Amino acid sequence: MRKSVYITRTVPEIALQHLKDNGIEYTVWTERRHQSEEELIPILKDYDAIIVSGPLKVNRAFLEACSHLRIVSMMSVGYDNVDVAAAKELGIAVGNTPGVLSGATADTAFLLLLAASRKAFHMHKEIIRGNWNFWDPTANLGLELKGKTLGIVGLGRIGFELAQRCIGAYGMKLIYHNRGTNEEAERELGAVRVSFDELLQQSDVVSVHTALTPETKELFNKEAFSKMKPNAIFVNTARGGIHNEADLIAALENGTIWGAGLDVTNPEPMAADNPLLNMHNVAVLPHIGSATIDTRNAMAAIAAKNVIRTFEGKALEHAVVE
Ligand code: DGY
């Protein structure tokens, strides 16, 4: 029986190699534009599976139109763009790629935290603008992180790795807000679970690592920012929809908080004239959390293996819906 998979963006070669080695035909969408759901649905009639990279809306309508698919294999840890309940009802497996990207994403959060605390991206732009003409001992001052409190919202694998970096480098204290207890973090990192409000009030750095869900959509809004310390730094490497951008801009402009580091924005891509890009206390990256060679290879390999295992009738390497 012919087995085939459609891949929504170019992916590392390792994924294609795994598919070839297992006799699976594939097509890769190579154009550098997002292929719309309407465009994709008729094409998918000829495929048994899809590897999704990028913001494809795998909602109920999409899944009902493609109910013949055996698996939606996400090349990402996040699957907020997938209607999981609909996939379950329709008997379509959903896989994702957790774990392998935790270190790279934690590095990105750490980088943004440092960059925001020392206004590094702004300083870099100042040199390019020709504004490095005098060394002023009272200018360009940043914040230090030593002994400060890191508050993580959604302490899972990525947050754990970020906390390890912050504790190792700066002896930071760790508090977190999760639905349940993270016993490993409490045991190994001395993490203390607190309410959301306590976390906002006590943290010098608030880093978000939760999934985007109806409960976390715009969780960081005017009210949340107003409860944070004036010297606090907000870091979001999870999903842009978790903060309200207008409220974040206002909080930064008013001095409600000190700074922000963002790897995710809403919408993505961010427009080049977005005010956040010109703020001295903000560092923005274009959703590169997992963008290292090793990590993207590992993600691509899992995404391909999840397809192969589905065709073989085996359990997925990482399943959201099996
Ligand atoms: C993920 O893995 O969810 C990253 O954000 C890439 O989409």
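Ala, Val, Leu, Ile, Met, Phe, Trp, Tyr, Cys and Pro count here as nonpolar, Asp, Glu, Lys and Arg as charged, and the others, Gly among them, as polar.

**View 1. The shell around the ligand.** This is a predicted model, in which local features need pLDDT of at least 70 and side-chain atom pairs count only at pLDDT 80 or more, while totals for chains, interfaces and linings use all residues. Residues are numbered from 1 along each chain as its sequence is written. Ser76, Val77, Gly78, Leu101, Gly289 and Ser290 surround the ligand, a residue being near a molecule if its C-beta atom, placed from the backbone, lies within 6 Å of it. By class, this shell comprises 2 nonpolar, 4 polar and no charged residues.

**View 2. The surroundings of alanine 191.** Alanine 191 lies in the loop between α8 (183–189) and β8 (192–193), where helices (H or I, at least four residues) and strands (E, at least two) are DSSP runs numbered from the N terminus. Alanine 191 counts as buried because 25 C-beta neighbours fall inside 10 Å, the threshold for buried being 20 or more other C-beta atoms within 10 Å of the residue's own, with C-beta atoms placed from the backbone. Leucine 174 is 17 residues away from alanine 191 in sequence, yet their C-alpha atoms are 4.9 Å apart.

**View 3. The largest nonpolar core.** A nonpolar core is a set of buried Ala, Val, Leu, Ile, Met, Phe, Trp, Tyr and Cys residues joined through C-beta atoms within 7 Å. The largest has 54 residues, of which Ala163, Leu174, Val206, Ile233 and Val235 touch the most other members. Helix α5 (residues 102–117) gives the most to this core, namely 7 residues.

Conventions:
A residue is buried if 20 or more other C-beta atoms lie within 10 Å of its own, exposed if 12 or fewer, and partly exposed in between; C-beta atoms are placed from the backbone.
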